[in-house]
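User: Hi! I'm new to protein structures and would like to learn how to read one. Could you take me through some features step by step?

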Amino acid sequence: MFNDPLLFKTLQDAGVDLSVMPVDNTGNTLFGVLNTIAFPLVFFGGIFLINRSRNNANGGGGMDPNNPMAMGKSKARVEMNPDTGVSFDDVAGVDEAKEELTEIVDFLKSPERYTTLGAKIPRGALLIGPPGTGKTLLAKAVAGEAGVPFFSISAAEFIEMFVGVGASRVRDLFDQAKKNAPCIVFIDELDAVGRQRAQGVGMGNDEREQTINQILTEMDGFEGNKGVIVLAATNIPEVLDQALLRPGRFDRKINVTLPDSKGRTRILNVHAKDKALSKDVRLDEVAKRCMGMSGADLANVMNESAIFSARKGKEIIEETDIYDAIDRIQIGLEKQGADFSDERQKLVSYHEAGHALLGALMEEYDLVNKITIVPRGGAGGVTIFTPNEEAMESGMYSKEYLENRICVALGGRIAEEIINGKDKVTTGASNDFQ
């Protein structure tokens, strides 16, 4: 259709017979309506066909977890007859935590022993401790020992981009658990959803707060959750909402701490069962070098030592391989094929000897364990001391010990000054000063 205002005048001047009729928009309107409806139909029809094909691929049984219609369903792993392969015998170094959890297992197996005295089954137990100390392993052991249905889920799996999905998944999880009571529900990394709720209006995350509100209600609301014990684990309990921590929800707070020397020895023995160790290996001595390590760290030590032995073509794991693995984890991998000058090696030797000599001379200080001038990681050389186990666990150090620690740290710098003079000292002691 032309949009020229001079068109009619030009036609009239030329003597052309002209008649104007109104435009019929019926066809265009109908086409527009059909076009508007067709796209959504095609789009949603495509989604339906894709989901149907996924269900068929899964054997047609149950709802596909990728199906948007099943978004509110719980993603918990369910073991009706738990065979976790883990018992309390497989968990070492956390005897106090095991003792508290053993009571929960006994409660599930023989509730009449406690109910006759008026005792009530604990609603929940919160496992608190640093990463790698065995919190998840303890939950698996409880499930394996109790022999009751076990539901396990990570708290992060409750949260979705849509508000209300997390709360729906919590309801579905506890509905399943109540149908199979008595049972255990394990929520890992509880801090992902259980953080302190915002106090101001509109300041919180609606989805996360609805989820934690639903957890609070399910654990101790009007309806209650008879026969459902909730185990949860977290590394940072200080961020959790106080309503979660009160008795009636988590009745027990179980600290899963780093193991002591005897605990580390038992953990090393557990992880050495499937390793071909030399008869000369003394795991109690190895445990002294693993001060401050968690159960996961100790498992890694034994695995790395097996890798070192295999790399060297050995058939058994020797003690030197284990110590090499500890150095690899604590300091770094040894630099291979590095060509250093005699002057550099002499300087590093005197520097490390300065640390070791002062450490040996101080009456109240740790024992020298190892001295090396082989570069590892970012260090040119290292002097390793074995800390006092009792002092480290209690955190109670004397003033004399702390002053001695300063002296030992500066021993390398003093040695450089004595040997090379004050004008020839290097930046090798920068980390010692820090």
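Analyst: Happy to! Let's begin with a term: two residues are in contact when they have heavy atoms within 4.5 Å of each other. Keep in mind that this is a predicted model.

User: Thanks! Which residues of α6 meet which residues of α7?

Analyst: On the α6 side they are V165, G166, A167, V170, R171, F174 and K178, and their partners in α7 are E207, Q210, T211, Q214, I215, E218 and M219. Sorted by class, this contact has six nonpolar, four polar and four charged residues.

User: How do I describe the way two helices pack?

Analyst: The general idea is that a packed pair is described by the angle between the helix axes and the distance between those axes. Here, α6 covers residues 165-179 and α7 covers residues 206-220; they pack at about 20 degrees, with axes 7 Å apart.

User: Are α6 and α7 roughly parallel or roughly antiparallel, and why?

Analyst: Angles under 35 degrees count as roughly parallel, so α6 and α7 are roughly parallel to each other. Their crossing is right-handed.

User: At what angle do α11 and α12 pack?

Analyst: Helix α11 (residues 295-311) packs against helix α12 (residues 319-330) at about 115 degrees, with the axes 8 Å apart. The crossing of α11 and α12 is right-handed. In α11, the residues that touch α12 are N300, V301, M302, E304, S305, F308 and S309; in α12 they meet D321, I322, D324, A325, I326, R328 and I329. That contact has seven nonpolar, three polar and four charged residues.

User: Now pockets, please! What is the volume of the largest pocket, and how many residues line it?

Analyst: When reading a pocket, you can look at its volume and then its lining. The largest pocket has a volume of about 1100 Å³, and 38 residues line it. Nearest its centre lie V382, T383, I384, F385 and D432. Elements giving two or more residues to the lining are α10 (283-289), α13 (342-361), β8 (382-386), α15 (399-409) and α17 (430-433). The largest share, six residues, comes from α13. By class, the lining has 15 nonpolar, 15 polar and eight charged residues.

User: Finally, what can I look for in the backbone?

Analyst: The peptide bond from A181 to P182 is cis, with omega near 0 degrees, and P182 sits in the loop between α6 and β4 (183-188). In the loop between β4 and α7 you will find E189. Phi of E189 is near 50 degrees, a positive value in a residue other than glycine.

Technical notes: Residues numbered from 1 in each chain as written. Predicted model: local features only at pLDDT ≥ 70, side-chain atom pairs only at ≥ 80, totals over all residues. Heavy atoms only, no water. Axes fitted to C-alpha atoms, helices over the stretch in contact; angles between N-to-C directions. Helix = DSSP H or I, 4+ residues; strand = E, 2+ residues; numbered from the N terminus. Parallel < 35°, antiparallel > 145°, perpendicular 65-115°, else oblique. Left-handed = near helix turned anticlockwise from the far one by under 90°. Nonpolar A, V, L, I, M, F, W, Y, C, P; charged D, E, K, R; others polar. 1 Å grid on protein atoms, 1.4 Å probe; cavity = no way out; pocket = protein on both sides within 12 Å on 5 of 7 lines; lining within 4 Å. Points joined across faces, edges and corners; volume = space filled by probe spheres on them.
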